[in-house]
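Thanks for making time. I have one structure to show today, and I will keep to a few parts of it.

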Amino acid sequence: MSLIAYDPVRHAALLTHYCLSAAPGERLLVAGSTSALGLLAEINRAMLRAGAYPVLRLSYPGQDEDLAALASGEVLGAVHPAELEDLRRMDGSLRILTPEPETGQRGAGPYADPQRRARLLASRSELASIRGSKKWSLTLYPTPHAAQQAGMSLPEFQDFVMRAMFLDRPDPVAAWSEVRATQARLIERLSRADVVRIEAPGTDLTLRVGGRTWANSDGKRNMPSGEVFTGPQEDSAEGVVTFSVPAAYQGVMVRGARLEFQAGQVVSARADEGEATLLAALDTDPGARFLGELGIGTNYGIQRPSGNILFDEKIGGTVHLALGRSYPETGGLNVSAIHWDLIADLRRGGRLTLDGELWQENGQFV
């Protein structure tokens with residue numbers, strides 16, 4: 001099978017017309033690194049043709065690292081009011097992820113301090129809240145570093161990205177419509193459930209989801225997508241969960257994370273690698289120790305972890321739990337500066353039961 005070359009024109013068209021549904025007169029924020037200039041230019045052109053007002057906000061590789069390392073306490077701990085007001089005046093936003101090696105100003109002290117990174121993230125909580133109150137979308141530009149993280153060559157990773165987004169198909173929008181219909185059938189059953197039990201090696205966790213709304217993630221907000229998710233009742237998580245898929249947080253990879261919950265709260269945490277980062281994330285604010293999301297991956301076209309959460313949380317046969325902020329549309333009430341997805345693979349010895357009824361085994365719906 002020949003590899004498909006990355007096409008920023010098709011990617012930009014999908015983001016502009018399907019994900020954000022850009023309309024005439026709308027002011028839309030487009031944020032991304034200079035590493036993705038080719039895609040950003042095509043998005044700008046597509047939005048202009050749609051009659052929208054694109055506002056490009058560019059960053060250089062390592063900009064957040066420099067901010068975390070060098071900012072004064074005042075700058076680190078607060079967002080300028082003008083930045084908040086500008087975002088309030090946007091009609092929507094699009095963020096382009098560009099995985100890159102850490103290239104900022106390295107300091108032996110503050111740069112390496114996860115507490116400073118946590119403080120920076122906490123200061124941005126109001127920005128996240130404003131952004132979440134409007135239409136938004138998130139995607140990834142295939143950088144060489146992302147390919148390296150995934151253990152692929154750049155052409156292989158570009159092919160992986162194109163296929164994951166259905167950009168290899170004549171009509172990507174029709175393909176995402178099929179995903180929406182399949183997931184609607186799953187939601188019909190999930191909406192009648194109260195107690196969800198997750199079992200796998202090192203995992204036995206129960207959550208309550210009665211009265212909450214399940215969202216059908218069909219590529220509008222995350223591109224690519226393929227998941228259904230909700231906000232579990234905040235005090236319901238009981239048991240332990242081991243996250244077998246590595247997950248990055250603030251540029252640090254965390255492997256083998258294990259959390260113990262009582263009455264919804266993390267009471268014990270450890271990790272095989274990146275434990276200091278895990279503990280710093282949990283200490284960001286009180287809401288960081290509670291769950292804001294339970295997600296179930298349905299994209300069986302993504303078969304292996306890539307080191308990037310945008311793809312990995314969608315793997316068919318996995319579940320993910322997010323520490324921190326809930327999505328209000330699910331009925332979730334948890335408030336936090338963080339929303340960090342951690343993934344458990346159920347494809348080898350895992351089970352999902354709904355009110356005691358087996359619903360998924362070894363990653364396959366029964």
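Before that, a caution: what you see is a predicted model.

If you want a place to look, find Leu 138, whose bridge partner in S8 is Asn 222.

As a reminder, strands of a sheet pair through backbone hydrogen bonds, and the pairing can be parallel or antiparallel.

The antiparallel case is the next sheet. It is also open and has five strands, with the order S7-S9-S15-S16-S17. At its edges are S7, residues 215-217, and S17, residues 339-345. Again, one side of each lacks a neighbour in the sheet, because each has a single partner strand. From one strand to the next, the twist averages 25°. S17 runs antiparallel to S16, residues 318-324, and seven bridges join them. Within that pairing, Trp 340 of S17 has Leu 323 opposite.

H10, residues 172-190, lies across S7, S9 and S15, and runs at about 155° to S7.

Now the helix pair. H3 covers residues 63-70 and H6 covers residues 114-123; their axes come within 9 Å and cross at roughly 110°. The two are therefore roughly perpendicular to each other. Which residues make the contact? From H3 there are Asp 64, Glu 65, Leu 67, Ala 68, Ala 69 and Leu 70, and from H6 there are Arg 116, Arg 117 and Leu 120. Sorted by class, that contact has five nonpolar and four charged residues, and no polar ones.

Last, the rings. The count of aromatic pairs comes to nine. One aromatic cluster is formed by Trp 136, Phe 229 and Tyr 327.

Arg 169 puts its charged end over the ring of Phe 166, 4.2 Å from the centre. Over the face of Tyr 18 lies Lys 220, at 4.5 Å from the ring centre.

That is the end of my part.

Technical notes. Residues numbered from 1 in each chain as written. Predicted model: local features only at pLDDT ≥ 70, side-chain atom pairs only at ≥ 80, totals over all residues. Heavy atoms only, no water. Phe/Tyr/Trp six-rings, centres within 6.5 Å; stacked < 30°, edge-to-face > 60°. Lys NZ or Arg CZ within 6 Å of the ring centre and 35° of its normal. Axes fitted to C-alpha atoms, helices over the stretch in contact; angles between N-to-C directions. Helix = DSSP H or I, 4+ residues; strand = E, 2+ residues; numbered from the N terminus. Parallel < 35°, antiparallel > 145°, perpendicular 65-115°, else oblique. Contact = heavy atoms within 4.5 Å. Nonpolar A, V, L, I, M, F, W, Y, C, P; charged D, E, K, R; others polar. Pairing = 2+ DSSP bridges.
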